[in-house]
Amino acid sequence: MLRVAVPNKGSLSEAATSMLSEAGYRQRREGGRELVMVDPDNDIEFFYLRPRDIAVYVGRGTLDVGITGRDLLLDSEVEAEELLGLGFAASTFRFAAPVGAFSTLADLEGKRIATSYDGLVRRYLGERGIEASRVVRLDGAVESSVRLGVADAIADVVETGSTLKAAGMEVFGEPLLQSEAVLIGRTGHTLPAIEVLIRRLQGVLVARQYVLMDYDVRKDLVEQAAALTPGLESPTVSPLRDSEWVAVRSMVPKRETNRIMDELYDLGARAILVSSIHACRI
Ligand SMILES: Nc1ncnc2c1ncn2[C@@H]1O[C@H](COP(=O)(O)OP(=O)(O)OP(=O)(O)O)[C@@H](O)[C@H]1O
Ligand SMILES: O=P(O)(O)OC[C@H]1O[C@H](OP(=O)(O)OP(=O)(O)O)[C@H](O)[C@@H]1O
Ligand SMILES: [Mg+2]
């Protein structure tokens, strides 16, 4: 039975559970408190764990795969690797300090830096030859640490930037990394059941990112139309009763739907229909 770690709390939890449900797996209800959920139909077992601990279980091989954040994986320094980006919980990881106080990475020399990701921060600074006087490890609400006098700067997750702004802080230096939720596995370890899980999750990603577009177009315009809707491999072109016209079906990125419909219409395509994809295997 495949053993999978799922975040039980925080920003990753709800989205991870709903992605697994969409992929056809039995999951605990929203707000549920079960620690383990067995899905006998799919021969898979889900363990609900703290996101930070998930890389540890997977790295040690007690669980086969898990969902966590790329930042947490890199912070943990375990023998685990990314198998698939999951497209949610996107954020950057950045240095920040009170407005006007710092402008470059070099300003961190000899300063105190508060963070929940001390492994990641020490490695990043070490690789760049910067010696902070201290990296202060905190569990959360790191933005308050400077005002409260335990640090001069922070390194933390930034999404909208509103938490930083509210704390009177601004980012400086390059982002340390771009993070998102990822499926992780032990380095070099693979199983047929892991491949199936990856394909199912990829199916959810594609179903979320693409729509199916159908339209009719005059035969002599089909090449131009196909260039607007190339699909993943190649659009399906079917004959119509009127031999001057064909029907085209293609997958289109969801966020480009309206632009493509406008361009197809201008070209002369008609009966342009868009439907959502419920599930797929690519
Ligand atoms: N505001 C946010 N936007 C996007 N991703 C976020 C945000 N806050 C945290 N994350 C991501 O969530 C993961 C952190 O998991 P963690 O359990 O610390 O979640 P959390 O949301 O900080 O929960 P909590 O602080 O309630 O424990 C990281 O991968 C991080 O990048
Ligand atoms: O850029 P923003 O959109 O404001 O989001 C970033 C904030 O979200 C997370 O905090 P969380 O709510 O998880 O609190 P925590 O610091 O206690 O983990 C993160 O640690 C930042 O503080
Ligand atoms: Mg948090």
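UniProt, in an unreviewed entry, places the feature "domain: Histidine biosynthesis HisG C-terminal" at residues 207–278. In this predicted model, that stretch is 29% helix and 40% strand, with its end C-alpha atoms 6 Å apart. The unreviewed entry also lists "domain: ATP phosphoribosyltransferase catalytic" at residues 50–203. The two annotated spans are set out below.

**Domain division**

The domain assignment divides the protein into domain 1 (2–88 + 180–190), domain 2 (91–179) and domain 3 (211–276). Between the C-alpha centres of domain 1 and domain 2 the distance is 27 Å. Contact between these two domains involves eight residues of domain 1 and seven residues of domain 2. On the side of domain 1 that touches domain 2, helix 3 (residues 70–76) supplies the largest share, five residues. By class, this side of domain 1 consists of five charged, two polar and one nonpolar residues.

**Ligand 1**

Ligand 1 lies between domain 1 (2–88 + 180–190) and domain 2 (91–179), because both of them give residues to the shell around it. There are 14 residues around ligand 1, and those that come nearest are Gly 10, Ser 11, Gly 69, Ser 91 and Glu 159. The shell around ligand 1 is made up of six polar, five nonpolar and three charged residues.

Definitions and conventions. Residues are numbered from 1 along each chain as its sequence is written. Chains are lettered from A and ligands numbered from 1 in the order in which they are written. This is a predicted model: local features need pLDDT of at least 70, side-chain atom pairs count only at pLDDT 80 or more; totals for chains, interfaces and linings use all residues. A residue is near a molecule or strand if its C-beta atom, placed from the backbone, lies within 6 Å of it. Ala, Val, Leu, Ile, Met, Phe, Trp, Tyr, Cys and Pro count as nonpolar, Asp, Glu, Lys and Arg as charged, and the others, Gly among them, as polar. Domain bounds come from an automatic or database domain assignment. UniProt positions are given in the numbering used here, feature names are shortened, and annotations may be inferred rather than shown by experiment. Helices (H or I, at least four residues) and strands (E, at least two) are DSSP runs, numbered from the N terminus.
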